[in-house]
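Visitor: I have just opened this one and would like a walk through it. Could you take me around slowly?

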Amino acid sequence: MSDLRRPPDPEGTRPPATGGEAPTSADTNRVEATDAAQTTPDGAADAARGGPGFVDAVADGGVVGAEAGSVDAAVASAVAAGGASGDAAEPEAGSLDAAVASAVAAGERGEGPAEPEAGSLDAAVASAVAAGGASGDAAGAEALGAAVAGGGGKPSPVGRLTATVARLRQEVRAAQAEADGRALIELAKGILVERLRCGPAQAARQLAELAGQAGVTPLEFAVDVINQAARDRLSEVTEAFLAATAARAEAGAGRSSAHGRSSAVRLREAESGVLAAHDTQAVADSLLEHALTPLGARAVAIWALGADGSLSLAGTAGFSAAEAGRWRHVPPGVTTVARRGLAERTGHWIRSLAETGMPSIGQHDHPEGGRVALPAGTGGRIHGVLEIAWPTPLDSPPPPVVRQIEALAELCAHTLEGYDPDAPGGAEGPRLLPDVTELMDLADGLHDPALVLVPVLDADGELADFRIHHANARFLDPAGRPRGVVNGALLLETYPMAAGHSELFERIERVHATGEPYRAHRMRLTALVGDVALAAVADINISRHGSCVLLVWRIEDETARLASLLQHAQRLGRIGGFEENLLTGEITWNGQLYQLYGRPDSASPVALEDLPAHAHPDDAVAIGRFLRTLLHHRRAASTAFRLQRPDGVTRHIRVVAEPVLDSDGQLYVVRGAYQDISAHHWTEVALAATRDQLAHTEQQASERNRLALQLQHAIMPPTHTPLEVPGLDLAVRYRPAETQHLIGGDWYDAVLLPSRLVLLCVGDVAGHGIDAATSMVVLRNALRGLAVTGAGPGQLLSWLNMVTHRLTGSVTATAVCGLYDPDRRTLRWARAGHLPPVLVRGAAAEPLPLVQGLLLGAVPEAGYEEHEVQLAVGDTLLMYTDGLIERRDRSVEESLAQLLKAARSVPPALDQQVDRLLTHSRSDTDDDTCIVGIRVTP
C-alpha cells in the first residue's frame, strides 16, 4: 500500500474546506493532486500508483491505469463500483479483490453483501465495511481494523485494506463538500480582484487574512463578501437573519450568530447548486440538502406551471420514485396544496396537511406534517410552485425563515423559466415564444376590439405596467384618440381607470403571471374623456401568448340588449305579440305566441276574424264585441276568452289590440298581444272559494262567541246584587275581555251561607273560548253547592280539585276561597295557585301571607293550607284575578307592587275604590278581570 500522506503546500493559496476549520496541508495537497490528475498524464499515473492523486481519482468516480492485481487497484475498483457507476470490472472469484470489492459495493449501496460463514474473517470484514459505509466517519475505520485483527490483535492485509477503503470514502465526501464551497470562494476571490485591483494569488491571501481576523472560516467570509457585493434577495434575507440573531448571540455565547452565518452559507451553497444544476431534479436535490434539511424539512417538490393551468412535477427530493410517478401531472382546476400556493401571492402555509384534507404529493408519508407552497415567479410571471413538506406540524415560522423560503422559491423560478414540460422528459431549454407579429395578425383578424400588451418591468425586475404594442383595426378609443396615439403608450397612462373598481389591470396582471385565461360577462369598464368618467358594459377575454397578453372586449349593443330584455319579459309574463296587415293579409307572430296557441313555428298564424273558431263557444259574444270595437269603431279593445288549443288543453287568454291608421285615416294594421292568464284565473277562483269559506267560518265563530258571552254574562254580571250583611260592605266587578273571541274563564262569587258565614271566592280557568266558559260555570256552581256543607275553605278547595280533575275535561284553574264571620270579624281563607288577597288597613296595603296550595286539576287529590286573619273596622280586603295586574313586559312582583301603591289611597266608598283600581289598571294582556272587595263597617 502506497503512502497517502502529502508534503506541505509551499504556496498556501489553495481554498479551504467547508467544515468550518482552517484548511490542512492534506486538504490543500489533495486539491492540487486533483488538478494534476485532471490536467496531466502524470497525475493519472500517480493516482494509479496510490500516490497523492489517488484520492481525487477515486472522487471522480473512476480509476486510471491502476496496476492489475495490486491492492490499490482492487480498492479503487471497489470504491468506483460501489460509489460511482457500480459497473467496474468484476475481479476473479475467490480472490482478495473480489471479497473487498463486494463488501465495499454493498456498504455503499446500504445493503448487506452475501452472508458469509459465521465467525469467519470474511464475515468480520464485510460487517465492518458495511458499517463504515453507513457511518462515514473515523469510527468506521477503527471498527474495520478491530474486526480484521480478530482475536490475535495483529492486523492482516485485508484489515489494512478495509480501513483504507473507509478512510478514502470519508475523504471523498469531504472533497465533495469542499467542491460545493469552492465556487463561492472563487467568486469571492474574483470580487476582491475587482475591488482591490490585485491578482488572484494576492486576493486568495487577502481572503484568508481577513477571515482569520474576523474569526470565521474562509467560506463564511466569502459568503459575506458576496452578500455585500450582490445586494440581492439572498443578501436581504441574510442581513435580516443576522440582525434577528444578533441579540441572542451575546446570551448564547455566539451560538445564534454562528447559526445565522451557517444559514447564510447554506443559502449561497443552495444558490450555487441551483445555478450549476443541469435540470430541475438536481435543483430539488440541492435545495433539500443545503437549505431545507437544516430547517427540519423532509421533502421538496418543484412544480412547473403549464400554459393551460396544469401543474407538472419538474423535480422532487425526499419523495419516493413511485410517489413522484403518481403525481407527475395535475390537470387544471384540481385543488391541491400546490394549486392553493399558486393562487396566493404570499404562498399557502399549512400547519398540518390532515387538517385541510387537501390532496398532495407524499400525503400518506407525512399526513400530519406541515406544508408550504409558494409561487415561483420572476418579472411578474409565475413559472411554477415550490412545495416543501415537514414530517411534523408546522407552527408559525419566524419572519427570517419565511424570507429564506421565499428566496428559495425565487431561485426555482430562474430554473423553471427555461423548463418545457411538453418536451420529452421535461427537457429544459429556452421556450419557443410566439412571434409578436403573429399575435398582431391574430388580433387584426378578430371582429372585436383587441389590444396586444407587452409587459414593462421596473429597475428591480418587477412588473410595473403594460405597453400597448398594437391595437387592431376594430379598436375605437372612448376618448376619440386615433390608433396611432394609443399604440406604444403605457396601459395605465392611457386608461388610468383600469386600475379602479373594475379591477381590469389586476386581471391582466394575473393572466400574465399564471397563464390562466380570464373571461367575464358584462364587466363594467370606465374611461376618462376629459374629466368625465364614461362607463360601458362589455364582455372581456384576456389570454397570455408567450410573454404578451391579448385583451379582447365586446361592447354590449343597446338595441340587442333591449331586444333580449323584451324577449325575457315576454317569456316570464307569458305574453305573445302579433301584428296583422289588413290590406295585404300578412300576419306576424313572435315565438312566444306560437307556444301560447300550442302550434308549431311552421304553422300559419291565426287571423283575428278566425279567433271565434279557436275559442270556447260561450265566449263568442265577448269576442264579437272586441272585434267590433277594434275593427269598426277603430278603438283599442281587450277581452278575455278560453282558448282551445289543438292538443286539447284549454287556456284562459287575455287579448289586447290597437288599430293603426294611415295618413288618410284608414285602418290598415292591427297590433297587439295575447297573455296567458290561466294561473291568474285559477287563483281568483281559489280566492273566491277561500273568501266564501272564511266568511262562513267567521259567521260560525261569531255565533259561538256571542253564545259564550251571553252565557258568561248570565252567570257573571258586571255588577253584583247588593248583599245585605250587617257590618260589611261588598263590591264586585267583572270586566270582560276587549276582544270578544278571547272569552275567558274568570269567575267570582259572594253568597251568604245558611251558617250566616259569607262565602267569598275568585277563580280563573286556563284558556279562552266556550270550553273555558263552560268549565268556569261547573266550578262556580260546584263550589256553591259544596259550601253548604259547612266545611272550611281548605276542604272546599280539596273537593273542588277533585271536581276539576275528573269532571271538567282535564282543565286546570286557580282560585282563592274565604269564609268571613261577621260576628267575629275574622276571615279564614285558602288558595289554589292563585294570588293572595290584599289587605288595606289605613294608609298601608299588603298582601296576606302566602299559604301553600296547588292549582286545581293538576293532581287527583291535594290538600290546601288555611289561614285566618282578624279584620278591624275600616279594613278593606281585595280578591282579584291576574287580568287586573298582568303585563307582558313586567314580572308579577312588579305588577303587584303597582297594585299595592294604587290601593293605598282609600276613597270614601268601596265602590269608588274598586272602580278606581279597574280604571288605573295597567294590564296589557286583554284578559277578563274579576274583583271582590269587602270593607268592615261599624
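Visitor: Before that, what am I looking at?
Guide: This is a predicted model, in which local features need pLDDT of at least 70 and side-chain atom pairs count only at pLDDT 80 or more, while totals for chains, interfaces and linings use all residues. Residues are numbered from 1 along each chain as its sequence is written, and side-chain values use heavy atoms, with hydrogens and water left out.

Visitor: OK, how many aromatic pairs does the structure hold?
Guide: There are 6 aromatic pairs in the structure. Rings of Phe, Tyr and Trp (its six-membered ring) pair if their centres lie within 6.5 Å, and planes under 30 degrees apart count as stacked, over 60 as edge-to-face and the rest as tilted.

Visitor: What about Phe 475 and Trp 553, how do those rings sit?
Guide: Their ring centres are 6.0 Å apart and their planes stand at 90°, so the pair is edge-to-face. The pair links distant parts of the chain, with Phe 475 in the loop between strand E8 (463-471) and helix H19 (483-486) and Trp 553 in strand E11 (residues 548-555), 78 residues apart. Helices (H or I, at least four residues) and strands (E, at least two) are DSSP runs, numbered from the N terminus.

Visitor: And are Phe 475 and Trp 553 buried or exposed?
Guide: Phe 475 and Trp 553 are both buried. Buried means under 20% relative accessible area, exposed means over 50%, and partly exposed is in between (1.4 Å probe, protein chains only).

Visitor: Which kind of pair do Phe 578 and Tyr 674 form?
Guide: Phe 578 and Tyr 674 form a tilted pair, 5.2 Å centre to centre with 45° between the planes. This pair also links distant parts of the chain, since Phe 578 is in strand E12 (residues 575-581) and Tyr 674 in strand E16 (residues 667-676), 96 residues apart.

Visitor: Which residue does Arg 645 bridge to, and how well covered is Arg 645?
Guide: Arg 645 forms a salt bridge with Asp 647, with the closest N and O atoms 2.7 Å apart. Arg 645 has 18% relative accessibility and so counts as buried, whereas Asp 647, at 45%, counts as partly exposed.

Visitor: What does the bridge between Glu 866 and Arg 828 tie together?
Guide: The side chains of Glu 866 and Arg 828 meet at 3.5 Å, N to O. Glu 866 lies in the loop between strand E23 (844-847) and strand E24 (867-870) and Arg 828 in strand E21 (residues 826-832), so the pair ties together parts that are 38 residues apart in sequence. Glu 866 is partly exposed at 33% relative accessibility, and Arg 828 is partly exposed at 29%.

Visitor: Which residues are linked in a network of salt bridges?
Guide: Arg 351, Glu 355 and Asp 395 are linked in such a network.

Visitor: New topic: how many residues of helix H21 are buried?
Guide: Helix H21 (residues 504-514) is mostly covered, with 8 of its 11 residues buried, among them Leu 504, Phe 505, Ile 508 and Val 511. Just after H21, Gly 515 takes a positive phi of about 85°.

Visitor: Where else is phi positive, in a residue that is not a glycine?
Guide: Arg 574 has a positive phi of about 55° although it is not a glycine, and Arg 574 lies in the loop between helix H22 (558-573) and E12. Arg 574 has 38% relative accessibility and so counts as partly exposed. Arg 756 is another residue other than glycine with a positive phi, near 70°, and Arg 756 is placed in the loop between strand E18 (744-752) and strand E19 (758-768). Most residues other than glycine have a negative phi, and most peptide bonds are trans.

Visitor: Last one: where is Ala 862, and is Ala 862 buried or exposed?
Guide: Ala 862 sits in the loop between E23 and E24, and Ala 862 is buried, with a relative accessible area of 16%. Ala 862 and Gly 794 are 68 residues apart in sequence and 9.9 Å apart in space, C-alpha to C-alpha.

Notes
A salt bridge is a side-chain nitrogen of Lys or Arg within 4 Å of a carboxyl oxygen of Asp or Glu.
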